[in-house]
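Hello,

Here is the structure I promised to pass on to you. Have a look at it first, and then read on for what turned up.

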Amino acid sequence: MGDGGDLPVAQVPVRRLTVLETRAPQRLWNRGFTLFFAARSTSLLGDHMLPVVISAAMIHGGYGLSGVGYALAAHLAPFAILMIFGGVLSDRFGARRMMILSDVVRLVFQSLLALLFAVGTPELWQVLMLLALIGAGGATFQPGVASITPQIAQDVQRANATLRVSESLMSVVAPSLAGLLLTVSAPWTVFAIDAATFAVSGACLFLLRLPAARGAGAGGSTFRLDLVVG
């Protein structure tokens, strides 16, 4: 009878410890995730502002609706085509490094585009070439988002949900902000402001510190093989 009464008493502390461990909160907003969230959000702000600014700049420059179509296609086509290459490059050279490079490329070429519109009306081929380079630069940013998140957040599901909320919010806020800015300033000014978002994103990623890599790209893998697998 004494043995039977001891068993429940011995089991109670074990259950309580298990419950406490299960409910232990995991910190999301550490330094790494905060920097990454800021980089991702500002980059999305620039991405979603750009189509509105492109449309306004092309119409303001006298290119008409057909010019708007050419410009949007020149920007989006390289992004869509080169996305898979961006994924391979991120795996081989590091996602953070390629995302910083993407921000630098977009900052430089979009600043140049703003300068061309500021000093006059650029040639159509110049606009299309710069927009294609901006789109190509963006293709190396997106693939790194999924690979960096598990390295900076203990609760990956909650981190991804938070990033999705930011993505949805920026898809609404950015076009509205671009439209508001266009009512009070010229398209080249908004191009410059848009370019600055990539400078902020790149700075946040530069300050971000990730755990040491595990030797990605090892085992005799080639770029062509990675591309096929991707």
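A word on residue classes before we start: Ala, Val, Leu, Ile, Met, Phe, Trp, Tyr, Cys and Pro count as nonpolar, Asp, Glu, Lys and Arg as charged, and the others, Gly among them, as polar. Please keep in mind that this is a predicted model, in which local features need pLDDT of at least 70 and side-chain atom pairs count only at pLDDT 80 or more, while totals for chains, interfaces and linings use all residues. Residues are numbered from 1 along each chain as its sequence is written, and side-chain values use heavy atoms, with hydrogens and water left out.

First, the overall picture. The protein chain has nine helices and zero strands, where helices (H or I, at least four residues) and strands (E, at least two) are DSSP runs numbered from the N terminus. Of its 230 residues, 35% count as buried; buried means under 20% relative accessible area, exposed over 50%, and partly exposed in between (1.4 Å probe, protein chains only). Among contacts with a separation of 6 or more, 86% are between residues 24 or more positions apart, a contact being heavy atoms within 4.5 Å.

UniProt, in an unreviewed entry, places the feature "transmembrane region" at residues 68-88 and 188-208. Such annotations may be inferred rather than shown by experiment; the positions are in the numbering used here, and feature names are shortened. In the model, residues 68-88 are 100% helix, with the end C-alpha atoms 31 Å apart. Residues 188-208 are 95% helix, and their end C-alpha atoms are 31 Å apart.

Of the 15 residues that line it, the closest to its centre are Asp47, His75, Phe79, Arg106 and Gln142. Helices α2 (31-60), α3 (64-93) and α5 (124-138) each give two or more residues to this lining, and α2 supplies the largest share, five residues. By class, the lining has six nonpolar, five polar and four charged residues. For the method: on a 1 Å grid over the protein atoms alone, a pocket is an open set of points where a 1.4 Å probe fits, with protein on both sides within 12 Å along at least five of seven lines, and lining residues have an atom within 4 Å of a point.

Two residues that touch each other deserve a look. Ala139 is in the loop between α5 and α6 (142-152), and Gly86 lies in helix α3. Ala139 is buried because its relative accessible area is 0%; Gly86 also counts as buried, at 2%. Not counting residues up to four places away in sequence, Ala139 touches Pro78, Phe79, Leu82, Met83 and Gly86. Leaving aside its own neighbours within four places, Gly86 is in contact with Ala139, Thr140 and Pro143. Gly86 and Pro143 are 57 residues apart in sequence, yet 6.5 Å apart C-alpha to C-alpha.

Best wishes
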